[in-house]
Amino acid sequence: MARLRSAADLEKKRAQILSKRDPKKPCITLCSGTGCHALGSDKVYQAIVSELSRNGLKSKVDVRRTGCHGFCERGPIVVIFPAETCYLGVKPGDVPEVVSKVLMDGELVNRLLYKDASGETIKHEGEIPFYKHQRRIVFGNNRLIDPKNIDDYIALGGYSALAKVLFEMGPEEVLETVKRANLRGRGGGGFPAGVKWETTRNAPGDIKYVVVNADEGDPGAFMDRSLLEGNPHSVLEGLIIGAYAIGSHEGFVYVRQEYPLAVSNLTLALSQVREYGLLGKNILGSGFDFEVTVHRGAGAFVSGESSALMTAIEGVVGEPRPKYIRTAVSGIWERPTNLNNVETWANVPLIINRGADWFTSIGTDGSKGTKIFSLVGKVNNTGLVEVPMGVSLREIIYTIGGGIPRGKKFKAVQTGGPSGGCLPESLIDLPVDFDALTEAGSMMGSGGMIVMDEDTCMADVARYFTNFLADESCGKCIPCRAGLEQMVTILDRICRGEGEAGDIELLEELSEVVQDVSLCALGQTAPNPVLSTIRHFRDEYEAHIERKRCPAGVCKALISYYIDPNKCTACGICLRECPVEAISGGKNLVHIIDQEKCTKCNTCFEVCPTRFSAVVKSSGESVPAAPPLGAEVMRKKGKRE
Amino acid sequence: MARGRAKTLSGERSSAKEKSRGGKATPTTKTIRGSERNDSRLPESVLTRISDRLGMPVSQVSHIVETIGQAAEEAGDTDRIVEKYEGDKAALIQILLEIQRENRWLPRDVLMSVCKKLGVPIGRAYRIATFYKAFSLTPQGRHQVSVCMGTACHVRGAPRLLDRVIGALNINPGETSPDQKFTLETVNCLGCCALGPVIVVDGDYHGNPTPKEIERIVNSCN
């Protein structure tokens, strides 16, 4: 492939790619993101390929493996173009039927289509409620692109924004546009990207760096991963534009090595852009030089913090350092360094192509554009959701997310990752943007959104996050290192039923110290989960401490299981499944749980058929005396007492 | 040093005792090591003798010997990896990551050899190896079992699942079973929250398995 030497070359290339593509030719696209991969999309792909060749359709039908579509709950997802027929939960066994109908107009595999509540099937991906209420400006191209093929990105207008800035705009104009668009950092802080760019641009020094932060460490958040895996060129294009505006000639992508697909797709994308002359010396013949190095993160949550990440790039342990001087002025090797999150960079080409006015027309006063959230936990439609800033939590959780599974009651939603907070039902109509979330005691974070139902214990959740952060604290600052440890100790004892009066106040006091005296954002925000759960769910803490009761039935030390003799039908399922043989009984004999042997693993509770619901989980009250061994069950026809 | 050890192991077919001690710094070239790679197995009679003395099955002894041999061979490859990064000190983390990926753990002599090449203190390598989660300073089991402890999995019952897996494998997270069969680890979010709580055994994902299913999965590993 010859290097593209001008903007005209790029357009010629685009026209050439498009001329070879017949929009009417059927194309089977298959989601190959991490979620669908876990659900077996590899096997589906193999089945599609062999089925096509078996039927001699190889030249008549294209196959494309795309990045994550977002609807992870129902993967693997197959979308067939040009009709955009969307099949969900496709198994290798379904493939022959799917393939056989590809060339038959109007014939569908109905059982694989989405069905709404009324049983009506929906054919097009975009009309499925999960997608219909989203606005996928950043994430939407994932489903159209094979991330391993740069031509797919170029065919959709890729790198036209880069050509535009290089030949039609000066660096200042680019900077001004991004500032005017009020693009705020998607990684958590929400700092205006344009202002940061300007600081780095104006900082003294000839050598400046730009960095993509893809060290997405929030457990339960995977939007950056899916973007980098599914559409790496959008991130790279944004980065090169940023470098041009800032006056940088060297960039880094810091990506977690736990994301092997992201690393390999990114590395491949880099070699393709180099080959095309979109990266390296004299990009598109403009005279602008820029190179990018991939740096793999070795797995430390704190390394996602900007100064820690820069230290890690220098080859030493990624610990944060004081930011009396901003990293924008003194970052990697004490040179001006501009760092933005994956999603922030991916927004840049859109702003350049469609203008700041278009971008500011989306969102709220203070937060412009869209945000991708990873909607997970106790929600029907797990997946990645992109919505305009300002959409309410209710709309995300219920309209798009399909509500809470099994008719359970919504309790809270946790946003912002371990540093964020839990928001209760009373705040469910809160518009989601940077400022509203911060005001409510949580934060945007990178966009994790974990839904919790009535079966989630808030003290346990606080303990989980605090424990995670104590584990991830680098140990540099004493309040963070020792303070979080002490908070975990207190939370542990509360969850064990050994909490004491005054523990809640002690937690609050410790939180204040950790917040005030820690150096980096990890410590400063670490108490958020504890504080927000105390603020909104104090009664749950009190139940643990005063009544030794876990209202959600989660904390092991505070719950017990017994079998209601009036409901037990002696079906033997729990007896067989109990891993510690704590259940006795037999044919027609009421099953009894030996409280001494029981490890509270919850297995009996899960396996007892719902039509019996004989296993009872209790907390805060004593277990009723078991019937004598050998008591017979009451048959359906028998009278119940 | 690392190269020397490779020579000792694959070249001279020394006993297990000598292997654990490391070897002398006799430089070898890659071709020699490569051509001898197939010969690194011990004769059946020696394996039987070791297995008698240690009271473990021959298959296990042979696996351990093979693992040690491979580790030593990989150690010899550190030079190649260091050279790939042109001896750049700032690439220490990247170099260790590559060694970890190929070798699945970081033996002490490998760390020493890397640090010597780069001219950095060994303490820095240990600091990195203990700070980041990706590194292991002990050999890993043949089967990798990861339990996701991400938030989504947590609220869907990951702690209970972890208890079950601990019960089934009889090892705690971060540990390797004495027969080198399993290594259990916990990870923070695998990005497949729809399946949660999830365990991954040798790259295969299993969503919310029951105790019986865990038993079946574990038993299917050799």
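How many residues of chain A are in contact with chain B, and how many of chain B with chain A? I opened my notebook with that one, keeping in mind that this is a predicted model.

**Entry: where the chains meet**

I found 35 residues of chain A in contact with 36 residues of chain B. On the chain A side, I noted the elements that give two or more residues: helix 2 (34-38), strand 9 (291-297), strand 11 (370-377) and strand 15 (448-453). Sorting that side by class gave me 15 nonpolar, 14 polar and 6 charged residues.

**Entry: chain B on its own**

I looked up the make-up of chain B and got 12 helices and 4 strands. Of its 222 residues, 39% count as buried. I also checked the contacts in chain B with a separation of 6 or more, and 63% of them join residues 24 or more positions apart.

**Entry: helix 4 of chain A**

Next I went to helix 4 (residues 95-102) of chain A, where Val95(A), Val98(A), Val99(A) and Val102(A) are buried. Looking down the axis, I saw these buried residues fall within an arc of 95 degrees, so they line one face of the helix. They pack against strand 1 (27-31), helix 3 (41-54), strand 3 (78-81) and strand 4 (85-87) of chain A.

**Entry: a pair of helices**

How do helix 19 and helix 20 of chain A cross? Their axes, for residues 478-495 and 503-517, come within 10 Å and cross at roughly 160 degrees. That makes helix 19 of chain A roughly antiparallel to helix 20 of chain A, and I noted the crossing as left-handed. Among the residues making the contact are Leu484(A), Met487(A) and Ile490(A) of helix 19 and Leu506(A), Leu510(A) and Val514(A) of helix 20. By class, the residues of this contact divide into 12 nonpolar, 2 polar and 1 charged.

**Entry: backbone details in the loops of chain A**

I came across a cis peptide bond from Gly75(A) to Pro76(A), with omega near -10 degrees. Pro76(A) is in the loop between strand 2 (62-66) and strand 3. The bond from Phe81(A) to Pro82(A) is cis too, with omega near 0 degrees, and Pro82(A) is in the loop between strand 3 and strand 4.

I then looked at positive phi values in residues other than glycine. Lys548(A) has phi near 50 degrees and is found between helix 22 (528-546) and strand 16 (559-563). I put it down as partly exposed because it has 17 C-beta neighbours inside 10 Å. Ser613(A) has phi near 45 degrees and lies between helix 24 (603-607) and strand 19 (615-619). With 11 such neighbours inside 10 Å, Ser613(A) counts as exposed.

Terms used: Residues are numbered from 1 along each chain as its sequence is written. Chains are lettered from A and ligands numbered from 1 in the order in which they are written. This is a predicted model: local features need pLDDT of at least 70, side-chain atom pairs count only at pLDDT 80 or more; totals for chains, interfaces and linings use all residues. A residue is buried if 20 or more other C-beta atoms lie within 10 Å of its own, exposed if 12 or fewer, and partly exposed in between; C-beta atoms are placed from the backbone. Two residues are in contact if their C-beta atoms, placed from the backbone, lie within 7 Å. The arc is that of the directions from the helix axis to the C-beta atoms. Axes are lines fitted to C-alpha atoms, for helices over the stretch in contact, and angles run from 0 to 180 degrees between N-to-C directions. Angles under 35 degrees count as roughly parallel, over 145 as roughly antiparallel, 65 to 115 as roughly perpendicular and the rest as oblique. A crossing is left-handed if the near helix is turned anticlockwise from the far one by less than a right angle, and right-handed if clockwise. Ala, Val, Leu, Ile, Met, Phe, Trp, Tyr, Cys and Pro count as nonpolar, Asp, Glu, Lys and Arg as charged, and the others, Gly among them, as polar.
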